[in-house]
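The sequence and the structure come first.

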Amino acid sequence: NRPEDKPENVQRWYDFFDSWKSNAVAPDGRLIPLLCTLGNHEVKGFWGKTPANAVGFYSLFSMPGKQGYNALDFGNYLSLILLDSGHTHPIDGVQTKWLEKTLSERQNVPHVLPAYHIPAYPSCRNDEEGENSDLTQEVRKYWCPLFEKYGVQVSFEHHDHAYKRSKPMLAGKVDPKGITYLGDGAWGVRLRTSEPDGPRWYIAKSGIVRHFFLVTLYPDQRDILAINDKGEIFDEIYQRNKI
């Protein structure tokens, strides 16, 4: 069978939860919360489908309000914007209208962090042709201008199984006042075997390295450390808030 035709392997999630309960524990004994965005491997058919094609994901990670894309607010200092990059909801249309309303209501929140799967600025895939390039172009067309309009400074992307820090991007060009795009989803997955020949024009730093981001928030800035699977810091991003 083709991968998109196989039934969901929900047992993998249960195994992951067992590991999370054992390892994602704070020094005071509290379990660190887990928030997820939808990716192609949670959907039978990968993209352009409906929530009915991702029953396992929606059963395990239900949230109040809209399913598939949502905002989670922490007091008045942090908003996580979780988006569906064309897997069970179209990027354009209703979701983009919701995104603009959601961002416009949070212009005074110091830390607004979007997260989604298909990258606007991929580290390994071709951004203009080939698999998922149409979704990449839609994210650039519909979401990136809204991020720019409403003061987003950093956005978290996935899908390419590699490390990426983009140059600051504004209106499709490198600009010191632009947004840094971080990714690209490389922890409990098979890594890419190689990067494209030479870094893409919008990439500041990239590599085939398993990693996670540790984000520390302050009233007027955020510090982001990229840490590999050996526990080593290999990249650092420091941003002052615009508001």
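What does the accessible surface of the chain come to, and what percentage of it belongs to carbon and sulfur atoms? The accessible surface is about 13000 Å², and 52% of that area belongs to carbon and sulfur atoms; areas come from the Shrake-Rupley method with a 1.4 Å probe, and for residues only the protein chains shown count as cover.

## Basis of the model

This is a predicted model, in which local features need pLDDT of at least 70 and side-chain atom pairs count only at pLDDT 80 or more, while totals for chains, interfaces and linings use all residues. Residues are numbered from 1 along each chain as its sequence is written, and side-chain values use heavy atoms, with hydrogens and water left out.

## Overall architecture

The chain contains four helices and twelve strands, where helices (H or I, at least four residues) and strands (E, at least two) are DSSP runs numbered from the N terminus. Along its principal axes the C-alpha trace spans about 50 × 45 × 40 Å. A compact globule of 243 residues would have a radius of gyration near 18 Å, and the 17 Å of the chain agrees with this; the radius is taken over C-alpha atoms, and the globule rule is 2.2 Å times the number of residues to the power 0.38.

Of the 243 residues, 44% count as buried, a term that means under 20% relative accessible area, with exposed meaning over 50% and partly exposed in between (1.4 Å probe, protein chains only). Among contacts (heavy atoms within 4.5 Å) between residues at least 6 apart in sequence, 62% join residues at least 24 apart. The mean positions of the 29 positive and 31 negative charges are 2 Å apart; Lys and Arg count as positive and Asp and Glu as negative, without His and the chain ends, and each charge is placed at NZ of Lys, CZ of Arg, CG of Asp or CD of Glu.

## Nonpolar cores

In soluble globular proteins, nonpolar side chains tend to be buried together. A nonpolar core is here a set of buried Ala, Val, Leu, Ile, Met, Phe, Trp, Tyr and Cys residues joined through side-chain atoms within 4.5 Å. The largest such core has 27 residues, and those with the most contacts inside it are Ile81, Leu83, Leu99, Leu103, Trp143, Phe147 and Tyr181. Helix H3 (94-104) and helix H4 (133-149) each supply at least two residues of this core, and H4 gives the most, with six residues.

Not counting residues up to four places away in sequence, Tyr181 touches residues that include Tyr116, Tyr121, Cys144, Phe147, Arg165 and Met169. A second, separate core of 14 residues includes Ala115, Val154, Ile224 and Ala226.

## Backbone features in two loops

A cis peptide bond, with omega of about 5 degrees, joins Gly183 and Asp184. Asp184 lies in the loop between strand E8 (180-183) and strand E9 (203-207).

The loop between strand E4 (154-156) and strand E5 (163-166) holds His159, and His161 is also found between E4 and E5. His159 has phi near 90 degrees, a positive value in a residue other than glycine, and is buried, with a relative accessible area of 4%. His161, likewise not a glycine, has a positive phi of about 60 degrees and is buried at 18%.

## Phe74 in strand E1

Phe74 belongs to strand E1 (residues 70-74) and counts as partly exposed, at 30% relative accessibility. Leaving aside neighbours within four places in sequence, Phe74 is in contact with Leu35 and Leu80.
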